[in-house]
Amino acid sequence: MNATRVRIAVSAALLALLSPVTAVNVSAADDPPTVKLSKSQAGTGGSITVTGSGWRDRTLLMILICGQSVPSTGVSGGTNSCANAEGRAVTTDADGRFSRKLPVAEPPVPCPCVVHVATVTGAKAEADAIFQVAGHAVEPLPAEPAGGRLSVLTDTRLDGSSGLLTWFGAPPARTLTFTVGNVGTAPVRNPVFQVGTSHGVFAPQWQEQQWRGTIQPGRKARIELPVELAAGAHGDYTVSLKYGGKVMAEQPWGVGRPWGVTLFWTLVCLVVPAAVFRVGLAVVDRVRPRQTTRRRRLRLPEPALRLPGLKPREEARHALPSSSSSTLPWFAPDSDPGTAGRLSAPHDDSPTSPTGPTTPSTPTRKGPP
């Protein structure tokens, strides 16, 4: 029993020690980001210093001066009521703080005005600070339309997937799905929504889409709106939903690169040069001059006829002229009989009779006969 009481006491002490820390952390995490101005009023051509804290670290923010807005309702007209050309971007530090100098410019709509700070990428966060543009017109805020009012009850999501055609550059398409509820006192018939798509830090391109149906007061309805990007689009996109001039939700969309297009152009760069090269070879082979001279054919030595009764040496001597003429085609025997006699070896032209005349070319033998 005592051991059980000790365990309970220790557990209670630990809970008491941890509960303040947890409360502080939750409250710190739930604190919204804040914006402060160096001046509450300034004229066109001047500048103010905008500081903020409580933002996410290393986050890109956009600072704008917007009209027809108050911090309680936010920027009702969206960025169309802001001086976008004179806006400035800033990145928060590691502690979620920033400081940026902002030139004062007149918004396209009358005041009341605010300095609007919102995140560009990542989870949506925004904050407003009251500001007066000196010399700019001031008009009361437009009254909210009586009757039905729609509010987004669930998080938006993008349904669908990319197919094979998208991989080859077809326009990516999705379906924006969300649930809205009518918090007004009158039914809403055929509401018209605005769906915008933005890439990176660029402003969204809005497109009106009408939903067919009626939402009674206190009822809810599931809305599905088609969303389509341009052909070949890839990268990080953001799909925004606007109704009644106010942005109701945003949904990030990561679009993959159409690698099929890259593969197609790679094949074109390889196949076309190869085809041109083959065509060029065919043309060169057709137009080049043909060789008209015939190659001289080498005659093989004819085999010597083997005569019966001749020794191999005599056969070789008889076969020498034909062999020489066949192997040495450039050497032709002289047709002059005199020259042939002089070039040939000495031989006996006299008759065999011992008493016949002899020629100087006949060899004589010394000594007794």
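How many disulfides does a search of the whole structure find? The search finds two, where a disulfide is a pair of cysteine sulfur atoms within 2.5 Å. For a reader new to the term, a disulfide is a covalent bond that joins the sulfur atoms of two cysteines. The model examined here is predicted, so local features need pLDDT of at least 70 and side-chain atom pairs count only at pLDDT 80 or more, while totals for chains, interfaces and linings use all residues. Residues are numbered from 1 along each chain as its sequence is written, and side-chain values use heavy atoms, with hydrogens and water left out.

The link of Cys 66 and Cys 82 is right-handed, with 95 degrees about the S-S bond. Cys 66 is buried, at a relative accessible area of 0%, and Cys 82 is buried at 5%. Here buried means under 20% relative accessible area, exposed over 50%, and partly exposed in between (1.4 Å probe, protein chains only).

Cys 111 and Cys 113 also form a disulfide, and their sulfur atoms are 1.9 Å apart. The torsion about this S-S bond is about -90 degrees, so the disulfide of Cys 111 and Cys 113 is left-handed. Cys 111 is buried at 0% relative accessibility, as is Cys 113 at 2%.

Counting bonded cysteines along the chain, the disulfides follow the pattern 1-2, 3-4. Cys 269, by contrast, counts as exposed at 54% relative accessibility.
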